[in-house]
Amino acid sequence: MKNYYKILFCVSLLLMSVSAKAQQARDYFTSMPDSVLPLLTAVNRADCIDFLDSHMRAEVTNRFNTKSEMTKLTPDFIEMRLTTTSTWQMKVLPLGDAQVVCAVSTVNGPAADSHIRFYDDDWNELPLGCFIDTLPRLDDFFTAVPDTVNANRYQSYRSRVEMLLTKAVLSPDAQTLTFVFSTPAALDAETAAFLKPYIREEITYQWRDGRFVR
């Protein structure tokens with residue numbers, strides 16, 4: 001019953017968006033409220049677009065008086081280097097006759113970790129569950145258990161991995177969302193080295209019928 005109401009709610013969102021006017025990534029970016037990306041001012045965002053249009057480096061001084069740079073701009077994709085340790089991507093995706101914006105914020109610490117959000121044309125945040133298949137779990141990034149000789153060692157090292165960290169990456173050239181397994185970067189060298197042959201480094205989702213699915 002819970003899934004039924006979830007599907008019904010998602011369908012209602014689709015119907016509400018069906019008459020939305022098609023826009024390019026630059027249109028969404030310049031009209032974006034400050035609350036979505038507080039580090040950048042409206043002038044910062046407009047300058048980034050103007051600089052790239054003029055074939056200049058799109059680097060601006062943000063609200064914290066440090067440098068941010070737009071590193072990629074296509075009709076449906078934008079990538080920003082916000083700080084030395086953080087990035088932001090957005091992708092405009094088709095949703096029937098309308099569109100939805102997917103945004104990915106990533107912090108690059110010892111191990112990168114990302115947060116994914118979806119927005120409508122007015123930058124109202126939409127439920128993640130409406131637009132993405134089940135997110136990867138920790139077990140999804142491990143392949144089959146090794147042979148009997150190494151099984152005990154494998155279980156010993158595998159038990160040390162308790163936290164899932166992933167870097168989500170939107171493609172500028174395709175409608176895909178790739179989850180890169182970044183947890184190994186936070187492990188000790190011995191554990192990471194032993195587990196490497198049994199790790200699936202990334203899992204890719206494809207945008208299909210208004211959802212990202214594996």
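# Reading a predicted chain, feature by feature

Reader: Where do I start, and which span should helix α3 have?

Author: Start with the rule for the elements: helices (H or I, at least four residues) and strands (E, at least two) are DSSP runs, numbered from the N terminus. The expected span of a helix is 1.5 Å times one less than its number of residues. Helix α3 (residues 42-53) has 12 residues and should span 16 Å at 1.5 Å a residue; its end C-alpha atoms are 17 Å apart, which agrees.

Reader: What kind of model is this, and how are residues numbered?

Author: This is a predicted model, in which local features need pLDDT of at least 70 and side-chain atom pairs count only at pLDDT 80 or more, while totals for chains, interfaces and linings use all residues. Residues are numbered from 1 along each chain as its sequence is written, and side-chain values use heavy atoms, with hydrogens and water left out.

Reader: How many helices and strands does the chain have?

Author: You will find five helices and 11 strands. Of the 214 residues in the chain, 43% are buried. Buried means under 20% relative accessible area, exposed over 50%, and partly exposed in between (1.4 Å probe, protein chains only).

Reader: Which residues of α3 are buried?

Author: They are Asn-44, Arg-45, Cys-48 and Ile-49. These residues cover an arc of only 135° around the axis, which puts them on the same side of α3. The arc is that of the directions from the helix axis to the C-beta atoms.

Reader: What do the buried residues of α3 pack against?

Author: Their packing partners are α2 (25-31), β1 (58-61), β2 (67-74) and β3 (77-83). Contact here means heavy atoms within 4.5 Å. Just after α3, look for His-55, which takes a positive phi of about 60°. For the chain as a whole, take the contacts with a separation of 6 or more: residues 24 or more positions apart account for 52% of them.

Reader: How do I read a pair of strands, and which way do β9 and β10 run?

Author: Two strands pair if DSSP finds at least two bridges between them. β9 and β10 run antiparallel, joined by five bridges. One place to look is Val-180, whose bridge partner in β10 is Glu-202.

Reader: Which residues of β10 are on its covered face?

Author: In strand β10 (residues 202-208), Ile-203, Tyr-205 and Trp-207 form the covered face, whereas Glu-202, Thr-204, Gln-206 and Arg-208 form the uncovered one. β10 also pairs with strand β11 (residues 211-213), in the antiparallel sense and over three bridges. There, Arg-208 stands opposite Arg-211. The two strands form a hairpin with two residues between them, and Asp-209 in the turn has a positive phi of about 55°.

Reader: What is a salt bridge, and how many are there?

Author: Side chains of opposite charge can pair when their charged atoms come close. A salt bridge is a side-chain nitrogen of Lys or Arg within 4 Å of a carboxyl oxygen of Asp or Glu. Searching the whole structure finds 12 of these salt bridges. In one of them, the side chains of Asp-34 and Arg-63 meet at 3.0 Å, N to O. Asp-34 lies in the loop between α2 and α3 and Arg-63 in the loop between β1 and β2, so the pair ties together parts that are 29 residues apart in sequence. Asp-34 is partly exposed at 33% relative accessibility, and Arg-63 is partly exposed at 43%.

Reader: Where are Arg-81 and Glu-59 in the chain?

Author: Arg-81 forms a salt bridge with Glu-59, the closest N and O atoms being 3.5 Å apart. Arg-81 is in strand β3 and Glu-59 in strand β1, 22 residues apart, and the pair links distant parts of the chain. Arg-81 counts as partly exposed at 24% relative accessibility, and Glu-59 is partly exposed with a relative accessible area of 28%. Salt bridges that share partners join Arg-57, Glu-59, Glu-69 and Arg-81 into one network.

Reader: Is Thr-183 buried or exposed?

Author: Thr-183 counts as buried, at 4% relative accessibility. This residue lies in the loop between β9 (176-181) and α5 (189-195). Leaving aside neighbours within four places in sequence, Thr-183 is in contact with Val-161, Met-163, Leu-164 and Leu-165. The side chain of Thr-183 reaches the backbone nitrogen of Leu-165 at 2.7 Å.

Note on methods:
A polar contact is a pair of N or O atoms within 3.5 Å; within protein, one must be able to donate a hydrogen and the other to accept it, and residues adjacent in sequence count only if both atoms are side-chain atoms.
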